[in-house]
Amino acid sequence: MADRVVPGPVNQNAVIREAVSINTRKIFDSCRDKDCIDDLRVYPTVSSQTYIENALSIRPRSAELLYCAVNVEPISFNRGYYTVDCSYFYRITGETFPNGQSIQGLAVFDKRAMLFGSEGSVKSFSSEDPTPPPESNDLPIAVVNSVDPIALYMKLVDADGLGSTELEQRAIPDFIADAFPEPLVLTDTARRWYATIGQFSIIRLERDTQLLIPAYEYSLPDKECPSADQDDPCELFSRIRFPVEEFFPPNSVENAEDYRSMV
């Protein structure tokens with residue numbers, strides 16, 4: 001009996017059993033970006049603003065992506081193309097100098113991409129969702145994949161004068177405000193906090209479609225579900241490799257080239 005086909009690379013001995021029609025999302029267009037966002041205004045919490053007023057400088061500590069709001073609009077002069085507007089909400093963390101006080105604040109970055117999403121005029125109904133669909137639901141679905149940004153640089157700037165801020169006229173989602181331990185200072189201040197961060201992202205437009213794919217057989221897992229309660233803690237510890245590099249300093253230090261080595 002031939003070996004059963006499992007998920008992964010398929011060898012030449014695998015035999016296609018049938019052609020299967022599936023409903024899935026097809027990616028019509030996508031793009032990737034490596035944005036260096038310079039001098040992004042950070043709106044601190046109330047206590048953080050107090051520390052900022054007495055600080056000489058600020059050191060970067062981390063930047064966390066809390067949420068990305070995505071909106072799709074058709075381009076009237078270019079059929080099949082759409083603008084994808086993305087609003088990234090970040091929690092920025094820094095450290096004041098002197099005193100080494102940890103401070104937090106909110107930063108928002110707006111980004112626009114233009115992608116091809118084809119055309120469609122189908123209204124979809126499903127027994128899973130009895131709610132009537134909107135009048136127009138032929139827009140493609142925009143998907144944004146992002147990782148936490150890299151905090152590159154931070155600075156404090158004395159303002160020449162006070163004025164209205166961008167976030168004063170902007171609605172901040174409640175769950176974004178709740179991500180901070182105290183209220184944010186959204187009004188203008190005499191001392192302003194700016195951050196430079198690096199953001200990696202992938203944006204794509206998808207539509208529901210029917211595709212014909214080859215099928216080999218039903219997928220049945222080969223691996224049994226392990227029970228952690230039956231494992232001996234010492235047995236688990238014995239499987240861990242001895243961290244030799246932690247005990248002996250390296251002869252040289254390589255420069256970080258990938259994303260995870262820099263955060």
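**Ground rules.** I am reading a predicted model, in which local features need pLDDT of at least 70 and side-chain atom pairs count only at pLDDT 80 or more, while totals for chains, interfaces and linings use all residues. Residues are numbered from 1 along each chain as its sequence is written, and side-chain values use heavy atoms, with hydrogens and water left out.

**Cavity.** I looked for cavities, a cavity being a set of points, on a 1 Å grid over the protein atoms alone, where a 1.4 Å probe fits but cannot get out. The structure holds one cavity of 30 Å³ or more, and the largest cavity has a volume of about 40 Å³, where a volume is the space filled by probe spheres set on the points, joined across faces, edges and corners. Its lining residues, which have an atom within 4 Å of a point, include R41, V42, Q49, I52 and W193. Sorted by class, this lining has five nonpolar, three polar and three charged residues; Ala, Val, Leu, Ile, Met, Phe, Trp, Tyr, Cys and Pro count as nonpolar, Asp, Glu, Lys and Arg as charged, and the others, Gly among them, as polar.

**Cores.** Next I looked up the nonpolar cores, each a set of buried Ala, Val, Leu, Ile, Met, Phe, Trp, Tyr and Cys residues joined through side-chain atoms within 4.5 Å. Buried means under 20% relative accessible area, exposed over 50%, and partly exposed in between, with a 1.4 Å probe and protein chains only. The largest nonpolar core has 29 residues, and those with the most contacts inside it include L40, Y88, W193 and L205. Among the elements giving two or more residues to this core are β1 (18–44), β3 (81–97) and β7 (191–215), and β3 gives the most, with six residues. Another core, of nine residues, lies apart from it and has F89, L106, I172 and F180 among its members.

C36 is in no disulfide either, as the nearest cysteine sulfur, that of C31, is 18 Å away. I noted C36 as exposed, with a relative accessible area of 56%, whereas C31 is partly exposed at 23%.

**Backbone.** Most residues other than glycine have a negative phi, and most peptide bonds are trans. I therefore wrote down the exceptions I came across. The peptide bond from F97 to P98 is cis, with omega near 0 degrees, and P98 sits in the loop between β3 and β4. D39, in strand β1, has a positive phi of about 55 degrees although it is not a glycine, and S118, in the loop between β4 and β5 (141–146), has a positive phi of about 65 degrees. Is S118 buried or exposed? S118 is buried, with a relative accessible area of 18%, while D39 is partly exposed at 35%.

Key: Helix = DSSP H or I, 4+ residues; strand = E, 2+ residues; numbered from the N terminus. Disulfide = S-S within 2.5 Å. 1 Å grid on protein atoms, 1.4 Å probe; cavity = no way out; pocket = protein on both sides within 12 Å on 5 of 7 lines; lining within 4 Å.
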